[in-house]
Structures are given as C-alpha cells and as structure tokens.
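Welcome, and thanks for taking a look.

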Amino acid sequence: MSRSKGRSYGAIAMALHWTIAALFFGQILLGFSMERVRSMALQFDLIQWHKSFGFLILALAAVRLCWHLAVRGPRPAGGMTALERRAATFAQAALLAMTLVVPLAGWALASTSTLNIPSFAFNLVLIPHLPLAPSAQAEAFWRETHELLAYATLLLAAGHAAAALRHHFLLRDDVLGRMLPGLPGADEPGARAARPIRRTIDNA
Amino acid sequence: MHDNGFQKAARAGLAVVFLAASPVGFAATAQASADALTEAAGSYHIDKTSSIRFAVDQIGGGGIRGSFGDYKGSFSIDGRDVGKSTVMFTLYPKSVHANEARVEDFLRSDAVFDAEEYPEVTFRSTAVTRTGGSTATIKGVLTARGKSRPTELQATVTERRGGAIAFHVTGSIYRSPYGMGVGTPLYSNLVQFDMTLHGTRN
Ligand code: HEM
Ligand code: HEM
C-alpha cells in the first residue's frame, strides 16, 4: 500500500472525487425533478437517464474504492481536533460507501419493480436485473430505501462540503487545496499554514 | 350448407399449404377460395366476443402485452369481387388492458395514446387483395393521435358458420410516426397486433 506523495491527493484521486461529486449532485437534482414533472413521456426518459448516470456513478465509485485501498490519501491534515478529524474521516468513509450503496439500492429498486423495465445504460449497455424477486412490496421497500439514503447522503455531502469551505475561508488552511488543483496545495511554496491557534488546540 | 362453408374454408387453408409446396395445387386453391369467400358475401358487424391483443417487445426479452376491451367495426365482403370488400374499425384506447394499472395509465396518458384528447383509433380499408384460399391483405389507413398513415393487415378466415365468420388478423405497426415513440429503443418501435374478429351478418 502506498501513500500518495506529498501532502495532496494525487491527480487520479482528485479527478475521481470531483467527477463523482458533480455527478452525485446532478443525480440528486435529476432524481428530485423527474419525480415532479407532469409529462409521463418526459418522466420515462428522465428516469432512464437517471439510471444510466446512476450506473456510471456506481462504476466510478467502485474504481475509487479500489484506488482508495491501493493508494492511500495524504496524512490527515494538521490543525484539527481529534473530534474534527474523526468526523472528517467518518464523513469521507460514509460518502465513499454511499456512492456505492445508493446506486445499488436504485438497482435493486429497478430489479424488483413489477414493471420489469430494462436497464439499458445510455442506450448502449444492457445491464441485467439483480437476482431479486420482483414484487410490489420489494419494490416499495427499495424505493423508500433508495430515496432515504439518497437524501441522507445529500445532507452528509452538504456537511462535508461546508466543512471543506470552512477550512478554506474561515480557518484558511490547505485542506481544500489538498483536493482541489489550482489552489495553493500543501506542496507548493505558497501553501497556507493553518492558523497557529488551531495548532494550539490540536496540540493541547 | 353452413357446415359446408366452414369445410370449404378449412380446405382452402390446407390448399394454401399445399400451394407453397407445389405449383400444381394452384388451380384447386383458386377455385376453393373463390367459393369460400363468395359464400361469405354480405355485410357484417364486429361482435364484442372479438379480441384485440397487442405486444411490444423489450430489449433483453419480454415486453408489454395488452388488449383493448372496447371497440366497434363493420366489414362487407363483396362476393363477386373480393377486392371491393371494405373494413372499418374503431377502438377506444381508454379501454386498454395491460398486466398492471401503472402500464394502463401510461398507455392512456399523453405519453402514448393521449386518450383524453384522441379518444378513438380508427382503421379504414382502402384495398383488399386476396392472397390465398382464406387469406387476404387489407391495406388501409390507421389514424391515431390525429395522424393518419397507410397500414397493412393480414387476415385469415378461421371459422364460418351460418351468418357468422371469424378472422385472425395480424399486423405490425411502427408507433413513432404517430408520436408514440416513447421508450424506444428499450421498447420496440414495432407494435404487433394479433386480433380475432368475430363478425355477424347484418
Ligand atoms: C448515486 C446514485 C443515485 C442517486 C444519488 C439517486 C438519487 C435519487 C433520488 C434523489 C430520487 C428521487 C426520490 C424522490 O424524490 O422521490 C431517485 C429516484 C429513483 N432512482 Fe435513483 N439515484 C441514484 C442511482 C440510481 C440507480 C443506479 C438506479 C437504477 C438503476 C436508480 C433508480 C431510481 C428510480 C427508478 C427512481 C424513481 C423511484 C420512483 O419511481 O419513485 N437510481 N434516485
Ligand atoms: C462541493 C462539494 C465538495 C467539496 C468542496 C469537497 C471537498 C473535499 C476535500 C477538500 C476533501 C479532502 C479532505 C482531506 O484532505 O481530508 C474531500 C475528500 C473526500 N470527499 Fe469531498 N467534497 C465535495 C463533495 C463530495 C461529494 C458529493 C462526495 C461523495 C458523494 C465526496 C466524497 C469525498 C470522499 C470519499 C473523500 C475522501 C477522499 C477520497 O477518497 O477521494 N465529496 N472532499
């Protein structure tokens, strides 16, 4: 197991992070709006796009999990309390898990639906149903689960993003720079150090 | 006489099979079929005992199977010139049956039939061509969702008894020209109709 060089995430981890983050927010927006359009034809098409993008997220998240296991991220950022560090680690682990679990629950929903609508990702790849018995009850259960987990993950992601922005704008440290190329990261000479006061708390 | 007609229709059907294997059968076929359809001459209305089934295949197997419960229609068979026979048919998409209410609602909605705005789907024949002892090709115009397009159906006489006649009618129709292309290519563009029409002589 290797740790990414320096104190920033590597290019691949960054590319995966921001691609998945953008797709995830787009996917929530799509899921929310497709449930609320009036035209049933449009709704049908939107749901198929939703499934296609959901499978894309699932595939990327699987790659990311492997990457995460093979190449560990940089050492935890300094200048944080033990609680903050634990919260950050937990949120990141949960987000990584949810980008797998939420689309899997969606896949289970599509698979158990008595409508038996095929999953033909981007009209290119026919994805088989999961080996689950279709029934009205199973479909309702997976719908609830999928929706609940999706919105819970949105809350978690919002907290995670808010924390990252707090580091950047309030604490003015390099946490966001570790993940966002273009910002002065920890490796560059212009890197911003965490405020001394945070260090003091951390060391206390 | 009535039984005779049915027998002739059945025999005509056999003759068609024979014809496919041997050109010698042709004369016999033409004669038998002329009799069968000539005897069926008259004007008929379509009975409620008919069945109008359709199927739309989906990618990976399976698909949508359904039927229409409400329809009306009439046809007339010209004894002297079968080509002058006519068919008129109306079905009410609101009466669509499928394996699930959600599918029925979808089919009635403006995604497919838009049954509220266009309560009727009609077929009017323009030309009938005999193709065998008990078979004919019916060309006509199918109107759905306000769009009319030429369509072709294949009809086979399956039963004749007195003033009653039954046809098995099949036809494959592309749905996208009618503005019903929703769900392609997951669901086939082709709708396969499979109908059993029972007619009673007026
Ligand atoms: C990270 C990936 C995904 C996210 C964030 C997500 C999120 C959502 C959201 C927010 C909704 C709308 C809930 C509502 O307001 O009612 C939804 C609905 C739905 N999702 Fe997903 N989804 C994802 C992946 C998938 C996948 C992979 C599939 C299927 C293969 C799927 C199938 C569905 C279906 C069928 C619905 C509609 C449920 C219904 O009929 O009410 N989703 N999803
Ligand atoms: C605008 C929104 C977001 C911002 C600003 C953001 C920011 C960050 C930052 C700065 C890190 C590095 C933290 C550190 O070095 O300790 C990070 C890591 C991570 N973020 Fe985000 N993030 C956002 C959205 C998301 C979303 C939507 C997800 C998942 C659905 C996500 C999942 C993760 C994961 C799993 C990590 C751990 C590192 C990895 O395995 O790639 N993030 N994020």
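**Aromatic pairs and ligand shell**

Over all chains, the count comes to 14 aromatic pairs, where rings of Phe, Tyr and Trp (its six-membered ring) pair if their centres lie within 6.5 Å, with planes under 30 degrees apart counted as stacked, over 60 as edge-to-face and the rest as tilted. This is a predicted model, in which local features need pLDDT of at least 70, side-chain atom pairs count only at pLDDT 80 or more, and totals for chains, interfaces and linings use all residues. Residues are numbered from 1 along each chain as its sequence is written, chains are lettered from A and ligands numbered from 1 in the order in which they are written, and side-chain values use heavy atoms, leaving out hydrogens and water.

**Ring pairs**
- The rings of A:Phe53 and A:Phe122 are edge-to-face, with centres 5.1 Å apart and planes at 85°.
- A:Phe55 and A:Trp107 also form an edge-to-face pair, with ring centres 5.3 Å apart and planes at 85°.
- A:Phe55 is buried at 13% relative accessibility, and A:Trp107 is buried at 19% (buried means under 20% relative accessible area, with a 1.4 Å probe and protein chains only).
- In chain B, one aromatic cluster is formed by B:Phe54, B:Phe68, B:Phe113 and B:Phe193.

**Ligand 1**
- The shell around ligand 1 holds 22 residues, each with a heavy atom within 4 Å of the ligand.
- An oxygen atom of ligand 1 is 2.5 Å from a side-chain N or O atom of A:Tyr151.
- For A:Arg143, the corresponding distance from a ligand 1 oxygen to a side-chain N or O atom is 2.8 Å.

Technical notes. A polar contact is a pair of N or O atoms within 3.5 Å; within protein, one must be able to donate a hydrogen and the other to accept it, and residues adjacent in sequence count only if both atoms are side-chain atoms. Buried means under 20% relative accessible area, exposed over 50%, partly exposed in between (1.4 Å probe, protein chains only).
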